[in-house]
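The following exercises concern a single structure. Please study the sequence and the model before reading each solution.

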Amino acid sequence: KDGWSNGQFSATVSGSSDNFVLKITDSAYAKKEIEAALETEYGSLNDLKYFCMDISLYDSTGTKKVENANDLRVTITLPIPNDLVKYAGNNRIAYVSNGKLIPLSPKFTTINGVPCMTFVATHFSPYTIYVDTTNLSAGSIIDTTPKTGDGISPKWFVCIGMAALAIFLFVKKDKKRVVVK
């Protein structure tokens, strides 16, 4: 798909042990549906930056579209499109159902230096990653915490050290002074 310059994509299907193929494509239909839903929601496209795509689920051969995906949940991680990276955590993701924009709650992360978002798809249709440029929050939601290499955040080392110091001071006994007469 154009708009991404890297390959930080992954998908995991829950609710079935079958194999599936997830396709993310560009289509005129998806763009038309998304633009109509965004206009309905925001009144105009003037202050929006958006990226359109169609997310579809296919059988393991990649040829037959899965029509009834009611029990399936697909956790998708994909890079934030190049034109939207600068908006960081202000990016939103939504799909279109019956002409309405249905927002999802993404998790933002960085994989090998690439800003990504992870979300759960239970519906396969036109999707959009978009930003309302009139409603930007300062800062970034992307995790910039230093990595220790073992998955433990540095704040836990500080907490453990403080707890150990508190226990040491609690257990430590003062020497009793003996008064000699």
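**Exercise 1.** Does serine 56 count as buried or exposed, and at what relative accessibility?

*Solution.* The model is predicted: local features need pLDDT of at least 70, side-chain atom pairs count only at pLDDT 80 or more, and totals for chains, interfaces and linings use all residues. Residues are numbered from 1 along each chain as its sequence is written, and side-chain values use heavy atoms, with hydrogens and water left out.

Step 1. Serine 56 counts as buried because its relative accessibility is 3%; buried means under 20% relative accessible area, exposed over 50%, partly exposed in between (1.4 Å probe, protein chains only).

Step 2. List its contacts (heavy atoms within 4.5 Å). Leaving out residues up to four places away in sequence, serine 56 touches Val21, Leu22, Lys23, Lys65 and Phe124.

**Exercise 2.** Which residues touch the most other members of the largest nonpolar core?

*Solution.* Step 1. A nonpolar core is a set of buried Ala, Val, Leu, Ile, Met, Phe, Trp, Tyr and Cys residues joined through side-chain atoms within 4.5 Å.

Step 1. The largest such core has 22 residues, of which Phe119, Tyr127 and Ile129 touch the most other members.

Step 2. Strand 3 gives the most to this core, with four residues.

**Exercise 3.** Does phenylalanine 168 count as buried or exposed?

*Solution.* Step 1. Phenylalanine 168 lies in helix 2 (residues 154–171); helices are runs of H or I with at least four residues.

Step 1. Phenylalanine 168 counts as exposed, since its relative accessibility is 51%.

Notes
Helices (H or I, at least four residues) and strands (E, at least two) are DSSP runs, numbered from the N terminus.
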